[in-house]
Amino acid sequence: QVQLVESGGGLVQAGGSLRLSCAASGRTFSMYSMGWFRRAAGKEREFVADIRWSSGNTHYADSVKGRFTISRDNAKNTVYLQMNSLKPEDTAVYYCATRSGLGTYGSWGQGTQVTVSS
């Protein structure tokens, strides 16, 4: 099992920036990739970005491409999401997650609220 602890959420005006952090502990040797997801009020959870733990290869949702950057610190078992040029439609609860292979994500954090005002 992998335990995930998130931080960095908050309230920001449109056009501002936030950086989210997610620290992993436990069976981190099994991690294949880590990702960020979000759920807006009344919406389904959606993929935001993920990163291959070993290689650093990344993928982004089209809605955040060019504005968000995912990165990781292997020594600290921590993944980051730098969010720039935030828009009100980015308002959501953001979750980090990890997977041990090419299947679905199995371990999840509790989520952190990001609110972007107009």
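Me: Which residues are linked in a network of salt bridges?

Reply: Side chains of opposite charge can pair when their charged atoms come close. A salt bridge here is a side-chain nitrogen of Lys or Arg within 4 Å of a carboxyl oxygen of Asp or Glu. In this structure the network links R38, E46, R67 and D90. This is a predicted model, in which local features need pLDDT of at least 70 and side-chain atom pairs count only at pLDDT 80 or more, while totals for chains, interfaces and linings use all residues. Residues are numbered from 1 along each chain as its sequence is written, and side-chain values use heavy atoms, with hydrogens and water left out.

Me: How many salt bridges does the rule give?

Reply: The count is five. One of them joins E46 to R38, with the closest N and O atoms 2.7 Å apart. Another is between the side chains of D90 and R67, at 2.8 Å from N to O. D90 sits in the loop between strand 8 (78-83) and strand 9 (92-99), and R67 in the loop between strand 6 (58-60) and strand 7 (68-73), so the pair ties together parts that are 23 residues apart in sequence. Strands (E, at least two residues) and helices (H or I, at least four) are DSSP runs numbered from the N terminus.

Me: Are the residues of these pairs buried or exposed?

Reply: Buried means under 20% relative accessible area, exposed over 50%, and partly exposed in between, with a 1.4 Å probe and protein chains only. R38 is buried at 5%, whereas E46 is partly exposed at 36%. In the other pair, D90 is buried at 1% and R67 is buried at 11%. For a contrast, take the salt bridge between the side chains of D62 and K65, at 3.2 Å from N to O: both D62 and K65 are exposed.

Me: Which cysteines form a disulfide?

Reply: A disulfide is a covalent bond between the sulfur atoms of two cysteines. The cut-off used is a pair of cysteine sulfur atoms within 2.5 Å. The structure holds one disulfide, formed by C22 and C96 with their sulfur atoms 2.0 Å apart. The link is right-handed, with 55° about the S-S bond. It connects distant parts of the chain, since C22 is in strand 3 and C96 in strand 9, 74 residues apart. C22 is buried at 0% relative accessibility, and C96 is buried with a relative accessible area of 0%.

Me: What is C22 in contact with, leaving aside its neighbours within four places in sequence?

Reply: Contact means heavy atoms within 4.5 Å. C22, in strand 3 (residues 18-26), is in contact with L4, V5, E6, M34, W36, N77, T78, V79 and C96. The C-alpha atoms of C22 and N77 are separated by 8.5 Å, and the two residues are 55 apart along the chain.

Me: How many residues has the largest nonpolar core?

Reply: A nonpolar core is a set of buried Ala, Val, Leu, Ile, Met, Phe, Trp, Tyr and Cys residues joined through side-chain atoms within 4.5 Å. The largest one has 27 residues, and W36, L81, M83 and Y94 have the most contacts inside it. Strands that each supply at least two residues include strand 1 (2-7), strand 4 (33-39), strand 5 (46-52) and strand 11 (112-117). Strand 3 gives the largest share, four residues. Not counting residues up to four places away in sequence, M83 touches G16, S17, L18, L20, R67, F68, Y94 and V114.
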